[in-house]
Amino acid sequence: MNRSYPRLRPAALIASIAIVVGACGGGTATTAPTTAPTSAPATATASGEPAPSVAGNACGDAPVTLNVWGGYPELDPVYTKAGAAYKAIHPNVDFVVFSTDLRGFEQKLTTALPSKTAGDVVVRTTNFLARFIDQGLIVPPPDDLKTFVKSGAFVQAVVDDATYKNEVWGVPIFNGGTALYYNTDMLAEAGLSGPPTSMDMIIEYAKKLAKLDASGNVERAGLSLRLSGQGSGVAEKFWILLLQYGKTIVAQGADGKWAADYNGPEGAKLLGMYMDFLKNKVDSPNIDHDAKAFETKAAAMFARESWVVADIATNAPDLVGHYGSVSLPVGDLGGGEYAHVPAASPNQACAWDFIKFLTDQPQQLDLVTTAGWLPARADLDLTEFLKANPGYEGFLKKPAGIKTTLAPPIPEWDEIETKLATHLVDAYADYANIAGNTTKIQSLLDEWAAETNAILKANGH
């Protein structure tokens, strides 16, 4: 599968998202506002603070159809089930759920939002929607829902990721994050005890786990790398491993300006690793990759999000009990997807009320059990869940000091990442001429970084 995933912004490196695990007794969840939110302006109280918005029945009594749009088709059953539960309370409300692959969804939004034909609820990162916010095509949540977002129900990183220009624009729905999946039988066969816990160990394990067929071709990748694909996904996977060396794609300086951060010694070491893995047959462009490779045992390890756990249970049940997941050692791209309401929606108050409903505990837990994504809420106790579902260990147990990086809050970020991905794909295809050539590797990185910096400069960043 070729999916992107939710990301967090690196306005700073921060402690990683942690859902409550091992809490004493049952977890006490923060409750979302019970009064249905409305998009009507709030009136001021005597203290001058905005009063909570109030709507006795946000969806009214006339027939309403809410169109819920997303870029993760595996979430469709979650939204459909939540819609049925919501309709039991509001019989006049029906739902139409639309999802397509993430890149196709982003392309659809670029035409549907300006033409005012998008759904009533749009689930995508606030970072991606920043350009549409600037154009007045997205409305902010009502005040009571903003207050809930900042109430402690979500970790600060998620709140920051839902914020653009000091304003909360989205309501967190689910989180991503990355872990390293490993086949326990293959590790045991190679004489490896326990999962790797450092980048050096990941590289060492990968070399030992790779397997060739009788003709000398790669039959099993030691570590499945993202070598191709549309959009920015290739750069995101490079980024995840770059974080293990303490670097990111673009970093913000003391003056508030951004600059490429991937063309130093750490980036050169990582790009060199990719080339060496391909030349020395630790991985190969000629075999399956990603979840499919892991599920068909064509890869011993790979880094991906939590949805793979549910995917394995469905598509490779014989693998259950024969794999594990472990947190990446130094850094992670976590983050979430956020529900937004287009300014053109004729059902804004009802849409916000349903979005609030999606943050309730039943719907949040259904995200994991149905689709494999992690709840956005940070105040849920998933101790018992983890006992029954050990495949999620790499996502719910993080080493002390791990840092979660947030995608930069700049509209040109997608352009930067997508162009870098294109360059990486071209380089991977030319690995035979690049592997071992440190001068060439550095030259490529400097060339790409110059392009990145030019894009930043053109946008005033």
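A salt bridge is defined here as a side-chain nitrogen of Lys or Arg within 4 Å of a carboxyl oxygen of Asp or Glu. The structure is a predicted model, in which local features need pLDDT of at least 70 and side-chain atom pairs count only at pLDDT 80 or more, whereas totals for chains, interfaces and linings use all residues. Residues are numbered from 1 along each chain as its sequence is written, and side-chain values use heavy atoms, with hydrogens and water left out.

Glu-412 lies in the loop between strand E19 (403-406) and helix H16 (413-429); helices (H or I, at least four residues) and strands (E, at least two) are DSSP runs numbered from the N terminus. This residue is buried yet has no salt bridge, buried meaning under 20% relative accessible area, exposed over 50% and partly exposed in between (1.4 Å probe, protein chains only). The nearest side chain of opposite charge to Glu-412 is that of Lys-257, 9.1 Å away; Lys and Arg count as positive and Asp and Glu as negative, while His and the chain ends are not counted. With residues up to four places away in sequence left aside, Glu-412 is in contact (heavy atoms within 4.5 Å) with Ile-455, Leu-456, Asn-459 and His-461.

The largest nonpolar core comprises 78 residues, and Leu-75, Phe-174 and Tyr-392 have the most contacts inside it. Such a core is a set of buried Ala, Val, Leu, Ile, Met, Phe, Trp, Tyr and Cys residues joined through side-chain atoms within 4.5 Å. Another core, of 61 residues, lies apart from it and includes Leu-227, Ala-303, Leu-328 and Ile-434.

Strands of a sheet pair through backbone hydrogen bonds, either parallel or antiparallel. Both arrangements are illustrated below. Strand E2 (residues 64-70) is mostly covered, with five of its seven residues buried. Seven bridges join E2 to strand E3 (residues 93-99) in a parallel arrangement, two strands being paired if DSSP finds at least two bridges between them. Within this pair, Val-64 has Val-93 of E3 as its bridge partner.

An open sheet of three strands shows antiparallel pairing in the order E14-E9-E15. Strands E14 (301-304) and E15 (323-327) form its edges, each pairing on one side only. Neighbouring strands of this sheet are turned against each other by 25 degrees on average, direction ignored; the axes are lines fitted to C-alpha atoms, for helices over the stretch in contact, and angles run from 0 to 180 degrees between N-to-C directions. Strand E9 (residues 179-183) is joined to E15 by five bridges, and Ala-179 has Ser-327 of E15 as its bridge partner.

Phe-294, in helix H10, has a relative accessible area of 0% and is therefore buried. Its contacts, not counting residues up to four places away in sequence, include Tyr-181, Tyr-182, Asn-183, Met-301, Phe-302 and Tyr-323. Phe-294 and Ala-221, 73 residues apart in sequence, are separated by 9.1 Å from C-alpha to C-alpha.

Two residues other than glycine have a positive phi of about 65 degrees, namely Asn-166 and Lys-297. Asn-166 is placed in the loop between strand E6 (163-164) and strand E7 (167-168), and counts as exposed because its relative accessibility is 79%. Lys-297 occupies the loop between helix H10 (290-295) and E14, and is partly exposed, with a relative accessible area of 40%.
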